[in-house]
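Work through the exercises below with the sequence and the model side by side. Try each task before reading its solution.

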Amino acid sequence: MNLVGSTITLKQYDESDWPLALHLSSDPRLMQHVYDPFTEAEARARFETRLLPWTKESEHWLSLSINHNETQEKFGSIGLKITNSDAKIAEIGFMLKTSAQGKGYGFTALSLILKHAFDTLKLNKLVATCAVSNIGSYKLLEKANFIREGHLKQNTLIGGQYVDDYLYGLCSRDWRSK
């Protein structure tokens with residue numbers, strides 16, 4: 001599956017995405033708002049689950065690499081995971097290399113996956129969680145019309161410290177009305 005935009009294409013993970021996945025999950029700067037950085041073995045185990053075939057009934061993530069259309073450089077990843085099939089709700093997550101941040105690639109990738117989630121998969125709602133200190137991520141979610149629905153105190157343990165998270169949501173009907 002490919003989701004094509006004017007500057008980037010989202011491609012379902014394959015073995016060629018391993019260097020990207022390793023970089024994203026082991027770089028302390030990128031992981032500072034998400035988890036403790038993974039070892040190579042931990043990153044590989046997680047990556048293997050992202051290679052599995054995906055359908056709406058899958059219990060694992062649909063993982064897509066973010067690829068520049070002209071250079072084919074891999075900028076990051078974005079994906080979704082169905083968390084409530086009856087209510088048609090999925091969690092969404094994304095991560096960009098530091099060099100790709102602030103250039104519009106994240107917004108384009110998010111726009112492409114929103115269209116796929118609501119138009120093709122017919123999902124009702126997408127949710128996202130991000131650390132309150134991850135200003136770039138929550139500003140991106142807000143730019144894409146996600147609504148901050150909650151503030152989760154001491155929700156994630158990173159580097160031995162509990163951090164607060166924001167919870168965001170976007171319903172299909174609200175996305176369509178924008």
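A residue counts as buried when its relative accessible area is under 20%, as exposed when that area is over 50%, and as partly exposed in between. The model is predicted. Keep both points in mind throughout.

**Exercise 1. The faces of H5**

Task: Which residues of H5 are buried, and which exposed residues sit on the face turned away from them?

Solution. 
- Step 1. Apply the cut-off. In H5 (135–143), the buried residues are Ser-137, Tyr-138, Leu-140 and Leu-141.
- Step 2. Look down the axis. The buried residues of H5 fall within an arc of 155 degrees, so they line one face of the helix.
- Step 3. Recall the helix geometry. An α-helix has 3.6 residues a turn, so residues three or four places apart point the same way.
- Step 4. Turn to the other face. Gly-136 and Lys-143 are the exposed residues carried there.
- Step 5. Find the partners. The buried residues of H5 pack against S5, H4, S6, S7 and strand S8 (161–171).

**Exercise 2. The buried side of H3**

Task: Which residues of H3 are buried, and against what do they pack?

Solution. 
- Step 1. List them. Ala-43, Phe-47 and Arg-50 are the buried residues of H3.
- Step 2. Name the partners. The buried residues of H3 pack against H1 and strand S3 (62–68).

**Exercise 3. Strand pairing**

Task: In which sense, parallel or antiparallel, does S5 pair with S4 and with S6?

Solution. 
- Step 1. Start with S4 and S5. They pair in the antiparallel sense over 8 bridges.
- Step 2. Look at the connection. S4 and S5 form a hairpin with 4 residues between them, and Lys-88 in the turn has a positive phi of about 60 degrees.
- Step 3. Go to S6. S5 and S6 run parallel and are joined by 3 bridges.
- Step 4. S1 (residues 2–4) and S2 (residues 8–12) pair in the antiparallel sense over 3 bridges. A hairpin joins S1 to S2 through 3 residues. Asn-2 stands opposite Lys-11 in S2.
- Step 5. S2 and S3 pair in the antiparallel sense over 5 bridges, with Gln-12 opposite Leu-64 in S3.

**Exercise 4. Positive phi**

Solution. 
- Step 1. Gln-72 is partly exposed, with a relative accessible area of 43%.
- Step 2. Asn-145 follows H5 and has a positive phi, near 75 degrees. At 30% relative accessibility, Asn-145 is partly exposed.
- Step 3. Check the contacts of Asn-145. Neighbours within four places in sequence aside, Asn-145 is in contact with Leu-170 and Lys-178.
- Step 4. Gln-154 is not a glycine, yet its phi is positive, about 40 degrees. At 55% relative accessibility, Gln-154 is exposed.

**Exercise 5. Ser-172**

Task: Is Ser-172 buried or exposed?

Solution. 
- Step 1. Locate the residue. Ser-172 lies in helix H6 (residues 172–176).
- Step 2. Compare with the cut-off. Buried means under 20%. Ser-172 has a relative accessible area of 10%, so Ser-172 is buried.
- Step 3. Find the contacts. Leaving aside neighbours within four places in sequence, Ser-172 touches Phe-118, Leu-123 and Asn-124.

**Exercise 6. The largest pocket**

Task: Which residues lie nearest the centre of the largest pocket, and what is its lining by class?

Solution. 
- Step 1. Take the volume. The largest pocket holds about 1,200 Å³ of space.
- Step 2. Take the lining. It has 47 residues, of which Val-34, Phe-94, Met-95, Asn-134 and Ser-137 lie nearest the centre.
- Step 3. Sort by class. The lining has 23 nonpolar, 17 polar and 7 charged residues.
- Step 4. Assign the elements. S5 gives the largest share of the lining, 6 residues.

Conventions
Residues are numbered from 1 along each chain as its sequence is written. This is a predicted model: local features need pLDDT of at least 70, side-chain atom pairs count only at pLDDT 80 or more; totals for chains, interfaces and linings use all residues. Side-chain values use heavy atoms; hydrogens and water are left out. On a 1 Å grid over the protein atoms alone, a cavity is a set of points where a 1.4 Å probe fits but cannot get out, and a pocket is an open set with protein on both sides within 12 Å along at least five of seven lines; lining residues have an atom within 4 Å of a point. Grid points are joined across faces, edges and corners, and a volume is the space filled by probe spheres set on the points. Helices (H or I, at least four residues) and strands (E, at least two) are DSSP runs, numbered from the N terminus. Ala, Val, Leu, Ile, Met, Phe, Trp, Tyr, Cys and Pro count as nonpolar, Asp, Glu, Lys and Arg as charged, and the others, Gly among them, as polar. Buried means under 20% relative accessible area, exposed over 50%, partly exposed in between (1.4 Å probe, protein chains only). Contact means heavy atoms within 4.5 Å. Two strands pair if DSSP finds at least two bridges between them. The arc is that of the directions from the helix axis to the C-beta atoms.
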